[in-house]
Every structure is written in structure tokens, then in C-alpha cells.
Amino acid sequence: MQQPLTQQRLRAGVPASRLRQQRLVVRATATADPTRQDIRREALARGPAAGSELFNAKFVPFKDYRSSDGGLLDVYHDMKELSKFGPDYWKSLFDSRIGTTTWPYGSGVWSKKEWVLPELGDADIVSMFEGNSNLFWAERFGREALGMSDLWVKQCGNSHTGSFKDLGMTVLVSQVNRIRKLKPGAISAVGCASTGDTSAALSAYCAAAGIPSIVFLPADKISLAQLVQPIANGALVLSIDTDFDGCMRLIKEVTAETPIYLANSMNSLRLEGQKTAAIEILQQFDWQVPDWVIIPGGNLGNIYAFYKGFKMCKDLGLVDRIPRLVCAQAANANPLYSAFKKGWEHYEPISAKTTFASAIQIGDPVSIDRAILALNDANGIVEEATEEELMDAAARADRTGMFNCPHTGVALAALTKLREKGVIAPSDRTVVVSTAHGLKFTQSKVAYHSKEIAGMACSYANPPVAVKNDIGSVMDALRSKFPAI
Ligand SMILES: Cc1ncc(COP(=O)(O)O)c(C=O)c1O
Ligand SMILES: N[C@@H](CCOP(=O)(O)O)C(=O)O
């Protein structure tokens, strides 16, 4: 059914009872003295929860979307308190924590603790020192494939469970850890619906903290590497005969009725962690703002998280603008792209078709409203990629040393199209967000390089050459590739 955006049904959020559990409010008990400009000394003098009393964060209804049974929520930070410390203070504080092993600041997420979940005690944090992922200059791919001089890839998949989900899960599971200590019995387990990466992150962080986890997976729609992750980490794995959107509907129902806590990104705690990747990009560029950031989108929490991170840096004066955002969708799962093409006049959930970018095979994204807000405010655009475009883009970039997952392929294909259309200029500083490690998606790479995909030319396939066990055959094979040998 088509729904005008303005009259859109408010999406069911976390139930009111759960909201009370989640309430994060810690009132500022003292006013920081901005002249001292030393939050660490002040925090230390106040006790073990470093910095916690100085700042606070709380859940608020997401923008104007309210409903009596709880619409999407957002975490609101007390920007007035945070702004008492100037931009230089925050930059040097964050910079000083890079590479440390001091708990919990060795984490790229918790190195920004004051902007994430300030009042959480350090002892409650469940962290694998996630984040601080490499941002590398894709010099050869940019130059040869796109005629670009300033192309970068943020490797969010170089992480504990192989995707950016770790950034959000450390925050959510830490908060659950805290609630379970404060109110034993309030949360008996943590659950999610997943296309593979959220479930891997949830099960790992829960296992680290000794918290039971439950994952709802669409049967036969995730990669083997992803499936084995929650199994290995001891989660209760339900392989359900539906798609991701079906799993999402079921987990929402279950978590509304039971003391099982919802870990999907409609829970804003996740986005507080994920937004640190945006702050990290600015930090890695020495607080210079890139022109474009391209992010593959599925359930659409991450595009909003990036926007939030950039916006917070701008609002607190660390940078003077935010980059233009591109959300890249698979053409087989493109509800946001369709709404964008209609000038945001209508949004219609779809039944997503099978895509190699299986982690974004989502037809009814829970954060659709958040994504639209982010894109509007960031002068953003949405682009889509066909199966052939995304697989070719991933494979072509792999030829320059990367090892991309298909979702990163979607972002690279979107970039290619935007370059061809002249939207992104050759010298624009552009960051492609790589969301998962390619090693989680080897099945699709094997199919591509074996040229086994019906209707796809697999133009960059590089199949292995079978050679007999004799030197003549070996030399023939070498010379057919390198005639000069
Ligand atoms: C590898 C990968 N890339 C991109 C996404 C899209 O992120 P989001 O759902 O926040 O839009 C997901 C999950 O949905 C994912 O697992
Ligand atoms: N790709 C995701 C889909 C669920 O997204 P979430 O961010 O809302 O948890 C996954 O890996 O499960």
C-alpha cells in the first residue's frame, strides 16, 4: 500500500515498559569549570565512572514521530554541557586516546565515551576494543577506474566480528549489562532479527559478558560464515522460514511481550556507537571534512548514525560543515531509492528480491524516517546498483588490493555511476564505507570467479588455471599469461 510520507504509520518502537528500563537520564550534578579545561582530572577526582557526572544522555522520541505505544526514539545529549568544553579540547582528548590500552578508551567507540553514553560506569562496559578501523587511500582504484585523486575506503569490516555492527553492539550490550546488574531479572536475554552481521555482533558481545542471546535468521538467506558466528558464540539460533522483514516483525512482537531486550538498530543505543565511525573519519583526516561519504543502506540505521556523528562534530564546532551523504542500495532491495526518485513524496515498503548483497536484502527498513531526515539535512542522494554492477565493482576494486563484501560493492558501484553522471568530481574527497569483511561472503566471490552466475558476464573473473603436474605444463601456463618469461 502506498503511504504518503507525512501520514506514514508511525513505526512501532520499543515498548513503553522497556523505555523505562532504558532511561539513561543522569542529571548533571555539577557544572564543569570550562576554564580548567581538564575533564579527565575533574572526572578522576569524582570517582571511578570517569566523566559520568559531567554529561548526560537520554532517550527522547525521534524528532516529531511520537506515538502512545512508543515510536522510534533517539538519544539526546546535553549539548550545552558538552559545548562548555571547546572544539580543541575534544579534538585533543579524542586524539590522546588513540592506541591506548587504558580501559575503555582503547575502543574507538569508548574513546568518545562522553559523546556516546557518558554515565555508564567503566566496569559495566563490554568491549572488544572495536573501532579505530583503517581509512585507506584507494589510490590505484580511484585513479584507474574512476579518474579520482582523493578516494578513500573506511574499513569498518576490519572489526572483531567482521562488520560495523560491533560499534553499536558494544554500547547496547554494555547498557544491558548495567541494567541486569541494577535490576536482576529485568532482561533475561537479548534478541535480534538479522541478515547475519547484527546476529554475529550480538552473540559475540553477549557471550563476552555472559548474557544469553537469541537470533532470528531468515532461513537460507545469509552466508555460511555469518551463520556459524552466533552458533559458535552459543546463541539460540532460530532459522525461520521467512525473509528478514518477517524475522523483524516476529522479534518486535516477542520483545514487546517478554523480558527479551531488542538489539536491532531501531534501538538507538546501537546508533550511538555506530556514529563514532563518522567522528573517526573526521579525526583521521585531521578534522578536515570530506566532500562525500557513500554508505550501503538496508535497515537504514547506519546512514542516520553517520549523519548524527557528523552533525555532532559540526554542532560542537569541531568542523564547519557536514559531508554530502550517499545511501547506496541494491536495485533488488531499493525502497529508499524508489522514494528518493519520487522526490520523497511516497514511501512504499517492498518485498526485497534476492541479492548478492544479502545483508541489505531488506524491503521495509525500520529507520526509513531517520534516513530521509539525514539525507535531506546532508544534501544527500540515493543511488542503486544492479547485481552485475555491484559484483563487478567489488571484483574490479579487489583487483587493486581490496577484498570487498558485496555491500561495499554496492557503494563502489554507486560511486562509479555518480562519477559517470558527473555528480562526483574527479578531485572530490570521497569516502566509501566498507561495512563488512569480504571473508564473510566468499561464496559469492567463488560463484563470480567461477563464472557460475546465470546472465552475468563476470567481466573481472579470475578463475584458477588447472595445470598438470609437469614442468612443461607449468611453463605453458605461465607463458600464456606472461609471454616475456
Ligand atoms: C554488511 C552490511 N552492510 C550494510 C548494512 C546496512 O546497514 P543499515 O541496515 O544500517 O542500513 C548492513 C545491515 O543492514 C550490513 O550487514
Ligand atoms: N544487516 C543487518 C540487518 C539488521 O539491521 P540492524 O542494524 O537493524 O540490526 C544485519 O546484519 O542483521
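These legends describe close-up views of a predicted model. Residues are numbered from 1 along each chain as its sequence is written, and ligands are numbered from 1 in the order in which they are written. Local features need pLDDT of at least 70, side-chain atom pairs count only at pLDDT 80 or more, and side-chain values use heavy atoms, without hydrogens and water.

View 1. Helix 7 (a DSSP run of H or I, at least four residues) spans residues 165–182 and includes Lys165. An unreviewed UniProt entry places "modified residue: N6-(pyridoxal phosphate)lysine" at Lys165; such annotations may be inferred rather than shown by experiment. Lys165 has a relative accessible area of 17%, so it counts as buried (under 20%, 1.4 Å probe, protein chains only). Beyond four places in sequence, Lys165 is in contact (heavy atoms within 4.5 Å) with Asp197, Thr198, Ala201 and Arg270.

**View 2. The surroundings of ligand 2.** Ligand 2 is surrounded by 13 residues (a heavy atom within 4 Å), and the closest are Ser194, Thr195, Thr198, Ser265 and Arg270.

**View 3. Polar contacts of ligand 2.** Pairs of N or O atoms within 3.5 Å are shown. Oxygen atoms of ligand 2 lie 2.9 Å from a side-chain N or O atom of Lys165, 2.7 Å from a polar side-chain atom of Arg270 and 2.8 Å from a side-chain N or O atom of Asn299. On its own, ligand 2 has 340 Å² of accessible area (Shrake-Rupley method, 1.4 Å probe), of which the protein covers 95%.

**View 4. Residues 1–40.** Over this stretch pLDDT (the predictor's confidence in each residue, from 0 to 100) stays under 50. The model has 116 contacts beyond four places in sequence for residues 1–40. The protein has a mean pLDDT of 89.

Definitions and conventions: Helices (H or I, at least four residues) and strands (E, at least two) are DSSP runs, numbered from the N terminus. Buried means under 20% relative accessible area, exposed over 50%, partly exposed in between (1.4 Å probe, protein chains only). A polar contact is a pair of N or O atoms within 3.5 Å; within protein, one must be able to donate a hydrogen and the other to accept it, and residues adjacent in sequence count only if both atoms are side-chain atoms.
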